[in-house]
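Dear colleague,

I am passing on the structure below, and my notes on it follow directly after. Please read them with the model open beside you.

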2 protein chains.
Amino acid sequence: MKEVRYFFVPNANVEKELPIEEAIHALRVLRLKEGDEIFLMDGEGCFYQAEVSLATSKKCFYTIKQVLKQEPTWHGRIHLAIAPTKDMGRMEWMTEKATEIGFDEITFLNCKFSERKVLRTDRIEKIVVSAMKQSHKAWKPIVNDMTPFCNFIDNHTCDGQKYICHCYSEILKDDFFSLINSSSESTHLASEDDHSLNNDITVLVGPEGDFSIEEVRYAINHGFKSVTLGNSRLRTETAGLSAVMMSQLARRV
Amino acid sequence: MKEVRYFFVPNANVEKELPIEEAIHALRVLRLKEGDEIFLMDGEGCFYQAEVSLATSKKCFYTIKQVLKQEPTWHGRIHLAIAPTKDMGRMEWMTEKATEIGFDEITFLNCKFSERKVLRTDRIEKIVVSAMKQSHKAWKPIVNDMTPFCNFIDNHTCDGQKYICHCYSEILKDDFFSLINSSSESTHLASEDDHSLNNDITVLVGPEGDFSIEEVRYAINHGFKSVTLGNSRLRTETAGLSAVMMSQLARRV
């Protein structure tokens, strides 16, 4: 069985050529030739059935045969903002899994108790693209640079629901999954037109040592709801993935 | 802040001494001495607050101060049967994450398209124990050896719900999460006494190349329901973890 080859090409309908890294993979690994069928994904909701029109030693041109516009499989946008773990491997697999499951945006937070203050988002970006190809996603999740916690809170003025997960017993917490499920139901009842705005979920997950209590209070004062992901004591990366999976289950079409 | 030290001690209330590996960790890494407080978990629903009563160079004895019996945080048993991936690392992290999130049993399946036919369950066992300590779980998930697919189906005669996840479009599939959620609601309505039996979930996840269609049909003929985990194309380990996470959400107290 001939394997289908997926390539990530932003603006695939304007470009006529695979980006350099994709071209090298196409030519040297897959050894594609003129006439071979390929699939392109633009990361913005479209697949393209295409054909290699010219293959040189370093360049791979294509002709689009068919545009396959995709319908979103979930309502609203799912945005995870997370303090990265010391061990980068844990953030990398979390991002891979979140991309497979489906989410829209990831921001890395620099928090008071963060053990990691710098992060190479180019590696994360590569993992996202690879997972997106592997799981045939038409939309590419946005990867944002490390942002100081307070800057994120101050500048995050979306209309959707905003949540902060934490473990402080002295601050009242609601159950995240119950909240996003009920908000989903009420949105569906309230208006069919206004989906994208109100279904948006932004969820914050803290570092290994949790957010500081001041950070939690700051977020709450800025409209974030205080939540728990359940009874289990989860590592940062497991909490991040659980938050994405719960959001996906609550928002899927 | 003094870190709480958790040790896994099967039959902790009968034994008076830490098992050899735990003792070495206690003595050489944590350098515990007589009088130090420790926490034991027996993997069968109990924590024990204890005190080191005697610490020699290789042995660590304890006295139990308090038995802390735990209430389960989910109904019924969650059993994942999965064909292991070629890359063992992927199975290892899945098992770690499933333990953190909470499940009861894992069986590795030898399927027609399995790329891995042998597996060291002792490594998986160690990962389970470590994740159990890290996430403070009182119950230890059972790790079963690799089992041929048909043997598993033939011998799996539990009273709970049984599901097989697959990707064949020619076989009708229901949505796994919707099914287990509705079965949970009907069980709650039907009987409060008979919880453990009917809430049990066994879910099968296939190898990278999926189950064979004959395997899927064999399972269906033996009472397994044909299901999908949703719209996303997931890797084997992501599917396994998703199935556990969905089961946990549907069965949590």
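Copies are superposed by least squares on the C-alpha atoms of residues with pLDDT of at least 70 in both. On that basis chain A can be laid on chain B with an RMSD of 0.0 Å, by a turn of 180° and a shift of 0.0 Å along the axis, and that is the relation of a two-fold axis.

This is a predicted model, in which local features need pLDDT of at least 70 and side-chain atom pairs count only at pLDDT 80 or more, while totals for chains, interfaces and linings use all residues. Residues are numbered from 1 along each chain as its sequence is written, chains are lettered from A and ligands numbered from 1 in the order in which they are written, and side-chain values use heavy atoms, with hydrogens and water left out.

As for the interface, 100% of the interface residues of chain A are also interface residues in chain B, so the copies meet through the same surface (contact means heavy atoms within 4.5 Å). Helix 8 (residues 236-251) of chain A packs against helix 8 (residues 236-251) of chain B at an angle of about 70°, with the axes 11 Å apart; axes are lines fitted to C-alpha atoms, for helices over the stretch in contact, and angles run from 0 to 180 degrees between N-to-C directions. Helices (H or I, at least four residues) and strands (E, at least two) are DSSP runs, numbered from the N terminus. The residues that meet are Leu241(A), Ser242(A), Met245(A), Met246(A) and Leu249(A) on one side and Leu241(B), Ser242(B), Met245(B), Met246(B) and Leu249(B) on the other.

With kind regards
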